[in-house]
Amino acid sequence: MNPRMLAALVWKDIILFFKNRFFAFISIIGLVAYIAIYFTMPNTVDETLELAWFGPQLPGMVVSELQEDGLELRNYPSEEALQEAVLSGEDPVGVAMPQDFLEQLSRGDKPPVRIYFKTDVPDEYRAAYTLFLEELGFELTGNTLNIESEEVVLGPDMAGHQVPPRQRMLPLITVFILMIETWGLAALISAEIEAGTLRALLTTPLTIPGLFASKGFTGVFMAFTQVVVLLLITGGLRTEPLLVLTALLLGAFLVTGISFLIASVAGDMMSVMAWGMLALIVLAIPAFNLLLPGLTTDWIKILPSYYLVDIVYRVLNFGAGWSQASSGLLTLLAFGLVFFVLGAYALRRKLQ
Amino acid sequence: MIKAQNLFYSYSKTNQYQVNDVSFEVKDGEIFGFLGPNGAGKSTIVKMLTGQLKPKQGSASVLGLDVARKPKQVQAQVGICFEITNLYEDLSAAANLNLFARLFNIKDFDAEALLERVGLGGRGRDLVSSYSKGMKQRLMVARALLNRPQVLFLDEPTDGLDPVSSDAIRRIILEERQRGATVFLTTHDMLEADKLCDRVAFINQGQIAAIDTPHALKQKYGRRSLKAQVAGPEGRLELREIPLDDGNSAAAVTELFTQEKVITLHSEEATLEDIFIQITGRGLA
């Protein structure tokens, strides 16, 4: 296939894509909306842990030590006021101590301490707070544990530099944009099969590999262009731009293969939407995992989008370089090739 | 120009054939009609001749090229007008033609001149979706002509069209023959085939039932007769038929005129449809 043929086919596909008002609308409006969502998300993370407090005034040294550790005590005038604050959700946890708490401690008594939790505080958090208060009581009696502890952070120390929500959101938006283009390309191919125009194209000197090359080029171009625009506007290309662009290009290649598969199983626009939604949900899981850490386990590594999300996230937020991303890039390329070949094979069978 | 040898094709795994042992040749510059009812296997044969399907058995060659081995070389030199309208409806007529011209690597292509030729001059910038069925069909023919094909495959080109569009397409077919192209015309319109084709083949249930010139088929299978309307009792019209192919025709005509009052008299020869029914035992519907 010569470049003139390729250009004619790609141009035709782009015109037809934008003639489809639905895809033209969700592509352009979607991109604008995603960028708006990104900028409305918080750019900082409040790392202070607040604790409702009713009890005696703690020694100044202890208070400042707690503040250094990111714990802010909110004093309440009565235990009832504290309970109300926890019940209303204003504070998730509250601690009530007797006013002579310190005296009781110094006498060697066991002062009662009540810890109030909101109903949805998980068990692990309850245990952690209880342990913290026992530790606090131990410290207030003037004792220290007979151990020497050292803090060692594996990987970049993010204390005070937590990844803000908008940066966690960016990989999810990237996957969304890529998948919307998957719908668009799959719908375009499906419509061409239905109308018989692909059959007309294939009775010219255009070969099936040539046709797939043109569709692949269109799909990669459309998807890649949009995510590049997104990252340009959101500043996602400030760190390791070449690495990020490579990951996005491979991601666009991957979703093009997926769109071939969808087009081969879908009969019309509605089934393209249904299959596309299924693919979107599955491929978005790794990105949701960044928003809600702990949502999944290692099994998400079998999802091809994991490698795209992981590379984009680590490069943008932790400054990962080529050496850290190379294995992910290779895996992404391998997934892209597998899906492209599978999609092209399935589509070829359908065309024949 | 076109040669089919023992073509066999089956869409099912049980080898229930769609096309079975079909052989024929089409000469250079000929208009060859391929006639048969829906589902007879016409389109499957055309697909094998144009490289869209590989025969399960047998072979096909077009312009001396084995179609199964060199489909792209064949497709570069033929024009195909499909039975279904498969145009880009959201593009203009000119954009449709320009796209295909690029695929055929035609430089300095003049879409407007070709549109003019099929009677669509001045409508090139209109979207195809705004065209009538007849206009779309003429555009399909134009698309099939843009590479100046040596062989033109036309699948039901006038099916369901108004008389003006049908005539326009028939005129183009004759012009193409004059240019030197070979035309392979698939149709179930026997009158059209009779008007246009140098030779016709009847296909029925995936097999060739007969192949010859329309005239020869009529001679071989048709019955000629005279049909007369005569005045009967109480002024009613009655029909009389005198076969012309037996030895008593002259005496029967004399008798008719001496004994009856002849109101009208017509000679009648068999149509291709009559012959098709006679040969295959079924109609074209």
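A search of the whole structure, a predicted model, turns up 23 salt bridges over all chains, a salt bridge being a side-chain nitrogen of Lys or Arg within 4 Å of a carboxyl oxygen of Asp or Glu. One of them pairs B:Arg199 with B:Glu30, at 2.5 Å from N to O. That pair ties together distant parts of the chain, 169 residues apart: B:Arg199 sits in strand 9 (residues 199-204), and B:Glu30 in the loop between strands 2 (17-26) and 3 (31-35) of chain B. Strands here are DSSP runs of E, at least two residues, and helices are runs of H or I, at least four, both numbered from the N terminus. B:Arg199 counts as buried at 15% relative accessibility, and so does B:Glu30 at 6% (buried is under 20%, exposed over 50%, partly exposed in between; 1.4 Å probe, protein chains only).

Then there is B:Glu175, which bridges to B:Arg117 at 3.3 Å, N to O. Shared partners join B:Arg117, B:Arg171, B:Glu175, B:Glu176 and B:Arg179 into one network. B:Arg171 is partly exposed, at 37%.

Between chain B and chain A, the salt bridge count is zero.

Residues are numbered from 1 along each chain as its sequence is written, and chains are lettered from A in the order written. Local features need pLDDT of at least 70 and side-chain atom pairs 80 or more, while totals for chains, interfaces and linings use all residues; side-chain values use heavy atoms, without hydrogens or water.
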